[in-house]
Amino acid sequence: MALAGRAVLRWGARLPSPGPAAAPLCCPAWPPAACGRPYSSRGKEEIDMSTYPVESIRNFSIIAHVDHGKSTLADRLLEITGTITKTDRNKQVLDKLQVERERGITVKAQSASLFYSHEGINYLLNLIDTPGHVDFSYEVSRSLSACQGVILVVDANEGIQAQTVANFYLAFEAQLSIIPVINKIDLKNADPERVEKQIEKLFDIPTDECIRISAKQGTNVEKVLQKVIEKIPPPQCNAADPLKALVFDSTFDHYRGVIANIALFGGEIAKGQKIVSAHTKKRYEVNEVGILTPNEQPTHKLYAGQVGYLIAGMKEVTEAQIGDTLFLYKQPVEPLPGFKSAKPMVFAGMYPIDQTEYNNLKSALERLTLNDSSVTVHRDSSLALGAGWRLGFLGLLHMEVFNQRLEQEYNMSVILTAPTVPYKAVLSSAKLIKEYGKDQITIINPAQFPDKLSVSEYLEPTVLGTIVTPHEYIGKIITLCQDRRAVQKDLLYIDENRVMLKYLFPLNEIVVDFYDALKSLSSGYASFDYEDAGYQSADLIKMDILLNGNPVEELATIIHNDKAYAAGKLLCERLKETIPRQLFEIAIQAAIGKKIIARETLKPYRKNVVAKCYGGDITRRMKLLRRQAEGKRLMRKIGNVEVPRDAFIRVLKRETDK
């Protein structure tokens with residue numbers, strides 16, 4: 001029986017197909033050609049990539065300091081080329097992670113293929129938007145390996161900052177074409193002439209090569225695309241060569257397995273082909289290839305010089321190593337050099353809040369480290385916190401973002417211990433040299449710190465820091481650097497208002513709160529960047545924390561001798577606040593070897609044993625108090641102080657509450 005005003009559809013019957021007038025809700029322009037781009041999605045018409053020979057391909061990255069407008073420029077480029085429809089909602093289109101949208105920063109390099117017609121020729125432009133923070137410079141260097149040129153964006157208001165300098169030299173050393181772009185010229189305080197002079201002075205790029213744009217309003221952005229075509233060379237490769245593809249990024253999909261982002265340096269790749277990984281020597285069948293626009297869009301084939309994605313039934317996260325080379329079965333090639341492995345600057349212990357979650361956390365870590373290959377993972381265990389891992393990160397923000405991604409993408413809550421840096425010890429004891437098989441060892445856990453008698457010297461990691469600041473803050477910043485045991489290497493005036501300082505810092509002095517202190521001293525105007533500068537000899541000691549004379553292994557730290565007293569006092573005070581009171585007195589001590597350098601005493605709970613004495617002789621009161629004191633002494637001898645798990649978490653938290 002038909003219902004009034006409603007069509008009833010029998011189970012299994014087909015819906016009538018919509019006529020040509022029915023447009024999909026997502027796209028205001030229909031038919032697809034009106035969008036100004038080749039329309040496709042899964043199951044629909046695929047793009048023929050053979051119409052884009054190597055000569056009409058340009059691969060480029062956008063590099064800049066934090067918040068200079070990289071992602072906004074990428075949004076405008078996507079709109080101009082018709083890759084995305086122009087709407088007011090296009091903000092940080094390539095920033096797909098929740099953590100990126102919340103913090104307003106780019107964490108993962110993202111690629112997109114743009115189609116653009118210039119002087120009657122159709123070009124394929126492969127754009128990679130890169131992060132700007134120093135902690136993610138490994139993402140930038142990886143992205144540059146798939147490019148032939150870069151757009152260097154500089155803020156017309158802020159001018160050249162520390163990370164601008166670092167990113168310029170990454171591109172310069174990779175011998176890439178550099179297009180300088182001055183962004184945010186629409187701002188009231190913009191001074192593009194000053195920025196052009198800075199670029200000429202520091203980078204030796206003539207002022208007439210700089211393009212002035214406003215990415216937010218779209219001013220002059222078309223000029224940037226034309227300059228990319230004119231100045232950046234096409235990739236040096238040949239489609240007639242055997243297949244040679246570089247895996248420069250990868251993600252894990254629960255249903256389709258590993259999705260690898262590839263750059264083709266030779267040959268072509270198509271669905272159904274048999275390919276081999278140079279790293280694992282495993283053989284796969286290609287299930288799907290395509291380009292990112294910025295969403296996945298399948299194609300028939302990918303050809304030499306093009307950048308896209310590949311799905312080949314890789315089910316294990318360890319199978320798609322970043323930097324791996326893929327080639328056709330029975331057509332082996334010389335593997336590409338790949339990437340220099342990232343060098344961790346900060347280590348922290350990671351433990352599940354509940355040990356029953358250990359296997360789930362292990363699986364989540366494996367999948368997340370596939371997507372973020374710069375994190376190093378080593379198994380670790382602790383008496384108080386159970387089984388876990390010691391993770392290596394490129395910096396503190398990197399550690400925070402990684403932890404946030406674990407929570408948001410895998411719903412994992414973890415305990416992160418205080419960050420430490422990797423120290424080295426040169427051994428003098430023949431017994432220890434024989435045990436380790438070498439005379440120099442790396443210490444990432446304070447429990448492994450060797451005794452001073454068996455070591456000829458300790459070494460600490462150093463970094464070469466670059467600070468760019470307005471000149472009025474220079475005095476405060478120099479004082480801050482000297483307090484952190486830094487040695488000045490250079491001081492250069494970029495222009496009449498801005499100064500660039502170079503300092504050699506011990507890494508453990510800047511790893512926790514240096515950046516925050518620098519920002520507060522300079523009212524937020526100073527910027528900071530650093531690079532590895534090897535190791536130097538240092539007066540290091542291991543500081544133990546004792547509870548009633550018993551050392552607590554998890555709270556041991558490696559510290560410079562000059563800073564030991566202040567750090568020991570702070571840790572004892574925080575422990576006094578977090579450890580619950582007992583029926584006996586607890587002595588909380590910081591010790592270096594046998595020497596106690598700081599102490600706090602946690603008073604016991606005490607029953608009022610003289611409450612029942614009303615009047616009478618004083619000896620009666622003294623007898624009761626003496627008996628109570630003897631009981632407390634006995635209890636202290638046999639009583640065992642166990643630090644509760646939540647007290648550990650509060651003490652090991654990185655942020656000081658003071």
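I'm taking contact to mean heavy atoms within 4.5 Å. This is a predicted model, where local features need pLDDT of at least 70, side-chain atom pairs count only at pLDDT 80 or more, and totals for chains, interfaces and linings use all residues. Residues are numbered from 1 along each chain as its sequence is written, and side-chain values use heavy atoms, with hydrogens and water left out.

**Entry 1: H68**

I started with H68, in the loop between β1 (57-64) and α1. My helices (H or I, at least four residues) and strands (E, at least two) are DSSP runs, numbered from the N terminus. What does H68 touch, not counting residues up to four places away in sequence? I listed V153, V154, D155, E158, G159, Q161, T164, N183 and K184. Buried or exposed? H68 has a relative accessible area of 2%, so I put it down as buried. For the whole notebook, buried is under 20% relative accessible area, exposed is over 50%, and partly exposed is in between (1.4 Å probe, protein chains only).

**Entry 2: the chain overall**

I counted 15 helices and 31 strands in the chain. Of the 658 residues, 52% are buried. I also looked up contacts with a separation of 6 or more: residues 24 or more positions apart account for 69% of them.

G82 sits in the loop between α1 (70-80) and α2 (98-103). Its relative accessibility is 10%, so G82 counts as buried. L114 is 32 residues away along the chain from G82, and I get 8.0 Å between their C-alpha atoms.

S50 is in the segment before β1. Its relative accessibility is 39%, so I have S50 as partly exposed. I then checked S50 against E268, 218 residues apart along the chain: their C-alpha atoms are separated by 9.8 Å.

Next came the helix pairs. Two packed helices are described by the angle between their axes and the distance between the axes. My axes are lines fitted to C-alpha atoms, for helices over the stretch in contact, and angles run from 0 to 180 degrees between N-to-C directions.

The axes of α3 (residues 137-144) and α4 (residues 162-173) come within 10 Å and cross at roughly 30°. That makes α3 roughly parallel to α4. My cut-offs: under 35 degrees is roughly parallel, over 145 roughly antiparallel, 65 to 115 roughly perpendicular, and the rest oblique. The α3 and α4 crossing is right-handed; I call a crossing right-handed if the near helix is turned clockwise from the far one by less than a right angle, and left-handed if anticlockwise.

Which residues make the contact? From α3 I noted S137, V140, S141 and L144, and from α4 Q163, N167, L170 and A171. They divide into four nonpolar, four polar and no charged. I count Ala, Val, Leu, Ile, Met, Phe, Trp, Tyr, Cys and Pro as nonpolar, Asp, Glu, Lys and Arg as charged, and the others, Gly among them, as polar.

**Entry 3: α7 with α8**

α7 (residues 358-371) and α8 (residues 396-410) have axes that come within 11 Å and cross at roughly 115°. This crossing is right-handed. On the α7 side, the contact is made by L361, A364, L365, R367, L368, T369 and N371; on the α8 side, by F402, R405, L406, E409 and Y410. By class I have seven nonpolar, two polar and three charged residues.

I also took α7 by itself. The buried residues of α7 are Y358, L361, A364, L365, L368, T369, L370 and N371.

**Entry 4: α10 with α12**

For α10 (residues 474-483) and α12 (residues 514-521), the axes come within 10 Å and cross at roughly 160°. The two helices are therefore roughly antiparallel to each other. I have this crossing as right-handed. K476, I477, L480 and C481 in α10 meet F514, A517, L518 and L521 in α12. The tally is seven nonpolar, no polar and one charged.

**Entry 5: α5**

Last, I looked at what is buried in α5, and found P192, R194, V195, E196, Q198, I199, L202 and F203. What covers these buried residues? My list includes β4 (149-155), α4, β5 (177-183), β6 (211-212), β24 (487-493) and β25 (498-506). Just after α5, D204 takes a positive phi of about 60°.
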